[in-house]
Amino acid sequence: MSKPSLLVLAAGMGSRYGGFKQIDPIGPEGEIIIDYSAYDALRAGFGKIVIVTVPALEQPLREHFSKTLGDDVNIVYAFQGLADLPEGFSLPEGRTKPWGTGHAIWAAREHLHEPFGVINADDFYGPTSYQVLHDALVSQKSGEFYMVGFELAKTLSQYGSVSRGICQADADGYLVDVLEHTTIEAVDTTGARTKRPDGEWAPIATDSIASMNLWGFDPSICGHLESQFTEFLRTQIDNPKSEFFIPTVVDTLIKCGQARCKVLKSAEQWFGMTYKEDREQAGVTIRQLIDSGVYPKSLRS
């Protein structure tokens, strides 16, 4: 059996961040978050790294990885193009917004021939998260997918609100539902609150399990993505702000009995680059992890 691949979603524009956050350096030798993600994944047993990005970033990323990871790491590139649509559809005039995470995974379909994990380029998940996902993928059952969940308290930003999918699992640990909360804020140092649809705030348990877009699939997901994306386009193609999200795809498959999704729990401290201010804290955290021996100062050493 071939090693699982790691699919990195790196085509986002970073509207709240104000630029291409996926290439902003945070490490002592100019490393970006993807460097640490790839390093963790390779140590856990993943093989190929598939990066979904935009053409303008391909050469900068190639040059960057040759300096930080070396040329012997198997990295391939796929591009999330707005015009890459199922047969029978064409890009509507004026569409500039990417089609969403579901479309980003589908855009890499030609490179996905083995079980694979999916991550965001600008999210740090921690070494054990990749080990947990790898171990599940190498013993994957037919029709079973995976989602690595994090304790909500370990996924909040001190610089503003975040959007999180809060997960409900059954007694056997399989995903039942993901409820999207678009505005969650930390309260003091011990609590959190969420803004309800009516605009009022309500407390939310900090030990809730949050989805951070760390998934495990097999290549069969690409067929499901294409069929659901086709249905999505039939009603949403002319909505310039519509997006096709992977949690919606997984939820649909679960509800119609076509797949099950095991919730794997990570005890890691997540951090991301949602806001510009997050970059400084990310750098501090990486330096602490280097000092404690989790990472070498140079990833090529």
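Visitor: Which element supplies the largest share of the lining of the second largest pocket?

Guide: In this predicted model, the second largest pocket has a volume of about 460 Å³ and is lined by 19 residues. Both β13 (271-272) and α7 (278-291) contribute at least two residues to this lining. The largest share amounts to four residues, and the element supplying them is α7.

Visitor: How many charged residues are in the lining of the second largest pocket?

Guide: Ala 153, Leu 156, Ser 157, Gln 158 and Gln 269 are the lining residues that lie nearest the centre of the pocket. By class, the lining has seven nonpolar and 10 polar residues, and its charged residues number two.

Visitor: Which residue forms a salt bridge with Asp 24?

Guide: Side chains of opposite charge can pair when their charged atoms come close. The structure holds 12 salt bridges. In the one formed by Asp 24, the closest N and O atoms are 3.7 Å apart, and the partner is Arg 279.

Visitor: How many residues apart are Asp 24 and Arg 279?

Guide: Asp 24 is in the loop between β1 (5-9) and α1 (33-44), whereas Arg 279 is in helix α7. The pair thus links distant parts of the chain, and the separation is 255 residues.

Visitor: What is the orientation of α5 to α6, roughly parallel or roughly perpendicular?

Guide: The axes of helix α5 (residues 221-236) and helix α6 (residues 246-255) come within 11 Å and cross at roughly 100°. Angles of 65 to 115 degrees belong to one class, and therefore α5 is, relative to α6, roughly perpendicular.

Technical notes. Residues are numbered from 1 along each chain as its sequence is written. This is a predicted model: local features need pLDDT of at least 70, side-chain atom pairs count only at pLDDT 80 or more; totals for chains, interfaces and linings use all residues. Side-chain values use heavy atoms; hydrogens and water are left out. Axes are lines fitted to C-alpha atoms, for helices over the stretch in contact, and angles run from 0 to 180 degrees between N-to-C directions. Angles under 35 degrees count as roughly parallel, over 145 as roughly antiparallel, 65 to 115 as roughly perpendicular and the rest as oblique. On a 1 Å grid over the protein atoms alone, a cavity is a set of points where a 1.4 Å probe fits but cannot get out, and a pocket is an open set with protein on both sides within 12 Å along at least five of seven lines; lining residues have an atom within 4 Å of a point. Grid points are joined across faces, edges and corners, and a volume is the space filled by probe spheres set on the points. Ala, Val, Leu, Ile, Met, Phe, Trp, Tyr, Cys and Pro count as nonpolar, Asp, Glu, Lys and Arg as charged, and the others, Gly among them, as polar. A salt bridge is a side-chain nitrogen of Lys or Arg within 4 Å of a carboxyl oxygen of Asp or Glu.
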